[in-house]
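Let's walk through this structure together, from its ring pairs to its overall fold and its surface. Have the sequence and the 3D view side by side as you read.

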Amino acid sequence: MGLIPNRKQWLKWSASSKWSYLSSFFSLIGAIFGLMAFFIQPTVSSDIKQKIQELNEIRTALSTLDTYVENQQNSLKKLSVEKLELEKEREKIEKILQIDREKINALFDYQAAVEGRRAWLEILISFFIGVLSSSVVTFFAIRMQNKKDEKEERNVPHNQANSADAKSRAAD
């Protein structure tokens with residue numbers, strides 16, 4: 001007889017034997033499952049513990065990530081405030097520079113006008129210096145010529161000078 005009775009044997013058994021057999025059969029199956037659960041349980045238990053550990057690590061990582069995100073949000077808020085302050089400061093500086101540009105342009109215009117007047121003044125001064133230097137040169141040239149003439153007159157004897165004067169008088 002095997003573990004599972006054939007149909008003829010089953011029919012010969014009484015009801016209590018059938019129930020006893022079924023009870024024994026299911027007890028054996030339960031014992032097999034129990035043993036399997038006992039031997040498989042550490043694997044399942046270690047898998048569960050490993051999953052729990054992984055979940056704890058994920059929780060820690062998410063907490064760290066949350067802290068990082070909060071820090072970045074705070075940094076962005078600070079940067080936003082600083083950016084607004086810098087933009088206000090830039091607007092103030094631009095206004096000052098605009099005023100300064102107007103003053104600088106007015107200063108350049110004034111300088112150009114002064115340089116224009118100064119150029120005419122330099123032209124006039126140069127002209128008068130030229131006239132004065134020309135006059136001085138002419139004066140010295142005439143003076144030198146007069147001195148030369150006086151020297152020549154001294155070198156010429158008086159008689160010749162008198163006869164030259166007489167000739168010039170006669171010609172008149």
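By about how many helical turns are Tyr 21 and Phe 25 separated in helix α2? The two residues are four apart in that helix, so about one turn lies between them. Before going further, please keep in mind that this is a predicted model, in which local features need pLDDT of at least 70 and side-chain atom pairs count only at pLDDT 80 or more, while totals for chains, interfaces and linings use all residues. Residues are numbered from 1 along each chain as its sequence is written, and side-chain values use heavy atoms, with hydrogens and water left out.

Now for the overall layout. The protein chain has three helices and zero strands, where helices (H or I, at least four residues) and strands (E, at least two) are DSSP runs numbered from the N terminus. Along the sequence, the pattern reads α-α-α. Of the 172 residues, 2% count as buried; buried means under 20% relative accessible area, exposed over 50%, and partly exposed in between, with a 1.4 Å probe and protein chains only.

Back to the rings. The model holds four aromatic pairs, meaning rings of Phe, Tyr and Trp (its six-membered ring) with centres within 6.5 Å; planes under 30 degrees apart count as stacked, over 60 as edge-to-face and the rest as tilted. Tyr 21 and Phe 25 are stacked, because their ring centres lie 6.2 Å apart and their planes are at 20°. Tyr 21 is buried, at 16% relative accessible area, whereas Phe 25 is partly exposed, at 25%. Phe 139 and Phe 140, by contrast, form an edge-to-face pair, with 5.7 Å from centre to centre and 65° between the planes. Ring pairs also link Tyr 21, Phe 25 and Phe 26 into a cluster.

Charges come next. Side chains of opposite charge can pair when their charged atoms come close. The count here is one salt bridge, defined as a side-chain nitrogen of Lys or Arg within 4 Å of a carboxyl oxygen of Asp or Glu. Arg 90 and Glu 94 form this bridge, and their closest N and O atoms are 3.6 Å apart. Both residues lie in helix α2 (residues 15–155), four residues apart, or about one turn of the helix. Arg 90 is partly exposed at 48% relative accessibility, and Glu 94 is partly exposed at 43%.
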